[in-house]
Amino acid sequence: MSHDADEVIQDIPPPPVSASEAAGVNILTFGCRLNSYESEVMRGHAAALSDTIIVNTCAVTGEAERQARQAIRRAHRERPEAQIVVTGCAAQLDPARWAALPGVTRVLGNEDKLKPESWAPDAPSAISDIMQAKETAAHLVTEFAGRARAFVQVQQGCDHRCTFCIIPFGRGPSRSVPIGAIVDQVRLLVQRGYQEVVLTGVDITSYGPDLPGAPGLGQMMRRLLALVPELPRLRLSSLDPEEIDEDLWHLIAEEPRLMPHLHLSLQAGSDMILKRMKRRHSRAGALETVARARRLRPGIAIGADVIAGFPTETEALFEETLAFVREAQLPFLHVFPYSERPGTPAARMPAIRVAERRARAARLREEAARQAEPFFTVQLGRTISLLTETEQAGHSEHFIPTRLSRPTEPGRLIKAMVVGADQRGLVADEVETA
């Protein structure tokens with residue numbers, strides 16, 4: 001799962017859709033940054049509809065599906081007359097189950113949800129066979145509701161078969177968006193005032209082999225930055241540590257507009273568990289990736305996704321992952337208790353008790369907090385580049401959550417002096433516009 005699923009947009013259910021809201025189109029998004037991007041595509045296609053709730057589901061964990069079902073039931077109670085359209089990976093995998101929920105009027109597959117004709121008022125429900133998809137179309141998105149940064153899809157689908165992951169069955173094989181379409185999308189977003197763009201996909205390090213000339217991710221990014229010189233900040237979603245190409249390493253070392261922040265799809269720090277997950281990297285390889293990033297970009301922030309309580313994970317094997325987090329000194333960690341996905345090989349392996357999975361996840365999060373504290377503290381007294389996302393909060397170039405001592409306008413790129421640090425992040429005073 002080098003998939004952006006590891007970077008969950010919604011860790012808790014979205015707020016209920018109130019009957020007092022305007023009876024237009026409301027979208028509830030679960031899961032990854034790619035889902036967030038696709039929700040904005042749908043928002044544009046469905047703009048002419050009235051009294052419609054779109055639920056964009058995620059299938060990475062059972063908890064993500066539970067939250068989406070709960071949100072659908074709540075939305076139906078709050079707005080019983082609204083049309084509820086369910087889409088996303090969970091809907092793609094089991095459409096009948098979602099169609100049976102109260103209030104659901106249509107179910108759309110992942111390919112169909114991005115087609116304008118799917119959002120005609122009289123369009124029928126459909127689930128397309130995305131496993132036959134050969135390419136990923138470009139969809140121009142001009143606005144991300146309520147967000148200061150923009151997401152741009154560069155790739156879709158996955159050719160790997162990690163034993164715990166159901167996503168390839170919901171998203172299909174890997175397909176890349178042509179470089180020209182990516183450039184057009186980013187240029188348009190910058191013209192709309194976005195200061196930061198995040199490149200996203202299911203497995204973005206697999207970008208390019210299906211395109212003419214087979215450009216890799218790094219080559220695509222180098223061309224994008226050259227063709228859109230007005231873009232201030234570029235950030236990446238999750239990366240497979242085994243598949244970072246040399247062009248990308250050069251950008252990490254030399255390109256100031258590429259933010260000093262990498263998020264790795266690690267999943268475990270034990271060679272035995274990595275083998276049983278059918279991952280492509282080893283413990284030593286992942287440590288070398290972290291070390292190389294720090295050699296090339298001193299002070300870079302590095303995060304990772306980790307699954308706690310994978311089947312067959314003994315206490316000793318879990319301790320190997322815990323030791324990896326300490327040795328690698330990862331300030332950012334996204335931890336997921338293992339969740340069975342029917343139809344995957346891991347679901348047939350000897351399971352760890354759910355209570356133990358949660359306990360191990362808690363221990364990993366505690367260790368991540370210990371690693372984050374010195375990383376945050378070392379920023380004290382430094383001038384940082386900050387993208388404001390609310391009147392008094394945003395993220396630094398290292399993606400550290402930062403609170404401002406005085407309010408300002410959201411969506412600005414400013415310079416700020418760090419005057420405080422705690423477990424929640426940084427406190428800073430604005431110095432000047434960046």
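Tutor: Let's start with Leu251, which is in helix 8; helices (H or I, at least four residues) and strands (E, at least two) are DSSP runs, numbered from the N terminus. Keep in mind that this is a predicted model, where local features need pLDDT of at least 70 and side-chain atom pairs count only at pLDDT 80 or more, while totals for chains, interfaces and linings use all residues. Residues are numbered from 1 along each chain as its sequence is written, and side-chain values use heavy atoms, with hydrogens and water left out.

Student: Why does Leu251 count as buried?

Tutor: Buried means under 20% relative accessible area, exposed over 50%, and partly exposed in between (1.4 Å probe, protein chains only). Leu251 has 8% relative accessibility, so it counts as buried.

Student: What makes helix 7 oblique to helix 8?

Tutor: The axes of helix 7 (residues 217–227) and helix 8 (residues 246–254) come within 6 Å and cross at roughly 45°. Axes are lines fitted to C-alpha atoms, for helices over the stretch in contact, and angles run from 0 to 180 degrees between N-to-C directions. Under 35 degrees counts as roughly parallel, over 145 as roughly antiparallel, 65 to 115 as roughly perpendicular and the rest as oblique, so helix 7 is oblique to helix 8.

Student: And what about helix 6 and helix 7: which hand does their crossing have?

Tutor: Helix 6 (residues 179–191) packs against helix 7 at about 40°, with the axes 10 Å apart, and that makes this pair oblique too. A crossing is left-handed if the near helix is turned anticlockwise from the far one by less than a right angle, and right-handed if clockwise. Helix 6 and helix 7 cross in a right-handed way, while helix 7 passes helix 8 in a left-handed crossing.

Student: Why is helix 1 called largely enclosed?

Tutor: Ten of its 13 residues are buried, so the rest of the structure largely encloses helix 1. Among them are Leu34, Tyr37 and Val41.

Student: Why is the pair of Phe332 and Phe375 called edge-to-face?

Tutor: Rings of Phe, Tyr and Trp (its six-membered ring) pair if their centres lie within 6.5 Å; planes under 30 degrees apart count as stacked, over 60 as edge-to-face and the rest as tilted. The structure holds four aromatic pairs. Phe332 and Phe375 are 6.4 Å centre to centre with 80° between the planes, hence edge-to-face. This pair links Phe332 in strand 12 (residues 332–337) to Phe375 in helix 12 (residues 354–377), 43 residues apart. Phe332, at 14% relative accessibility, counts as buried, and so does Phe375 at 15%.

Student: What makes the pair of Phe332 and Phe376 tilted?

Tutor: Their planes are 45° apart, and the centres are 6.2 Å from each other. Phe332 lies in strand 12 and Phe376 in helix 12, so the pair ties together parts 44 residues apart in sequence.

Student: How do you know that Arg161 sits over the ring of Phe169?

Tutor: A charge sits over a ring if NZ of Lys or CZ of Arg is within 6 Å of the ring centre and within 35 degrees of the ring normal. The charged end of Arg161 is 5.4 Å from the centre of the Phe169 ring. Arg106 likewise lies over the face of Trp119, at 5.8 Å from the ring centre.
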